[in-house]
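User: Could you walk me through this model and tell me what stands behind the labels? I'd like each label set against its cut-off.

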Amino acid sequence: MEVIEINAENVRVQMRKGILEYCILQILAHKDEYPSSLLAALKEADMIVVEGTIYPLLIRLKNQGLLTYRWEESTQGPPRKYYSITEKGRAQLREMDAAWDEMVGAISKLRNS
């Protein structure tokens, strides 16, 4: 019988990648943010993400019409690109909220059966 080792950290990384879009939309539903502040909010929630991951995701979400951005002058260096959620993004977030609730309910049933 073959023994399969499971890399717990790899499992966590894959799960975080799967919900990162959802987390970003959740954060932006509350207030506009620039990428560094998004990273800080994710880190505060124990969702460790590197810059190289977030920038392509923000571009993809913008290209899908879920986010928009504006430039704002900064007192601490160059202008900052602030992202905000669009109405299409809010609709997507509502769908993701419903899907999340369904998934959590299903997993809870499986864990408690």
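Analyst: Helices (H or I, at least four residues) and strands (E, at least two) are DSSP runs, numbered from the N terminus. Keep in mind that this is a predicted model: local features need pLDDT of at least 70 and side-chain atom pairs count only at pLDDT 80 or more, while totals for chains, interfaces and linings use all residues. Residues are numbered from 1 along each chain as its sequence is written, and side-chain values use heavy atoms, leaving out hydrogens and water.

User: Why is Pro-79 called partly exposed?

Analyst: Buried means under 20% relative accessible area, exposed means over 50%, and partly exposed is in between (1.4 Å probe, protein chains only). Pro-79 has 38%, so partly exposed is the label it gets.

User: Which residues does Pro-79 contact, leaving aside neighbours within four places in sequence?

Analyst: Trp-71, Glu-72, Glu-73 and Ser-74, where contact means heavy atoms within 4.5 Å. For another position, take Thr-68: Pro-79 is 11 residues from Thr-68 in sequence and 16 Å from it in space, C-alpha to C-alpha.

User: What makes Ser-74 buried?

Analyst: Its relative accessible area is 15%, so Ser-74 falls under the 20% cut-off. Ser-74 lies in the loop between S1 and S2 and, not counting residues up to four places away, touches Pro-79 and Arg-80. The side chain of Ser-74 also reaches the backbone nitrogen of Gln-76 at 3.0 Å.

User: Why is the Tyr-34 and Tyr-82 pair given its label?

Analyst: There are 4 aromatic pairs in the count. In this one the ring centres of Tyr-34 and Tyr-82 are 5.2 Å apart and the planes are at 70°, so the pair is edge-to-face. The rule is that rings of Phe, Tyr and Trp (its six-membered ring) pair if their centres lie within 6.5 Å; planes under 30 degrees apart are stacked, over 60 edge-to-face, and the rest tilted. Tyr-34 is in the loop between H1 and H2 and Tyr-82 is in strand S2, so the pair ties together parts 48 residues apart in sequence. Tyr-34 and Tyr-82 are both buried.

User: And why does the pair of Tyr-69 and Tyr-83 get its label?

Analyst: The centres of the Tyr-69 and Tyr-83 rings are 5.8 Å apart, and the planes are at 55°, so this pair is tilted. Tyr-69 is in strand S1 and Tyr-83 in strand S2, 14 residues apart. Tyr-69, with 32% relative accessible area, is partly exposed, whereas Tyr-83, at 3%, is buried. Ring pairs link Tyr-69, Trp-71 and Tyr-83 into a cluster.

User: Which charged residue lies over the face of Tyr-69?

Analyst: Lys-81, at 4.2 Å from the ring centre. Likewise, Arg-80 lies over the face of Tyr-34, at 4.1 Å from the ring centre. A charge sits over a ring if NZ of Lys or CZ of Arg is within 6 Å of the ring centre and within 35 degrees of the ring normal.

User: What is the span of H1 set against?

Analyst: The expected span, which is 1.5 Å times one less than the number of residues. H1 (residues 8-30) has 23 residues and reaches 32 Å from its first C-alpha to its last, close to the expected 33 Å. H1 does bend by about 50° at Ile-19, the bend being the angle between axes fitted to the seven residues ending there and the seven starting there.

Key. Polar contact = N/O pair within 3.5 Å; in protein donor to acceptor, adjacent residues only side chain to side chain.
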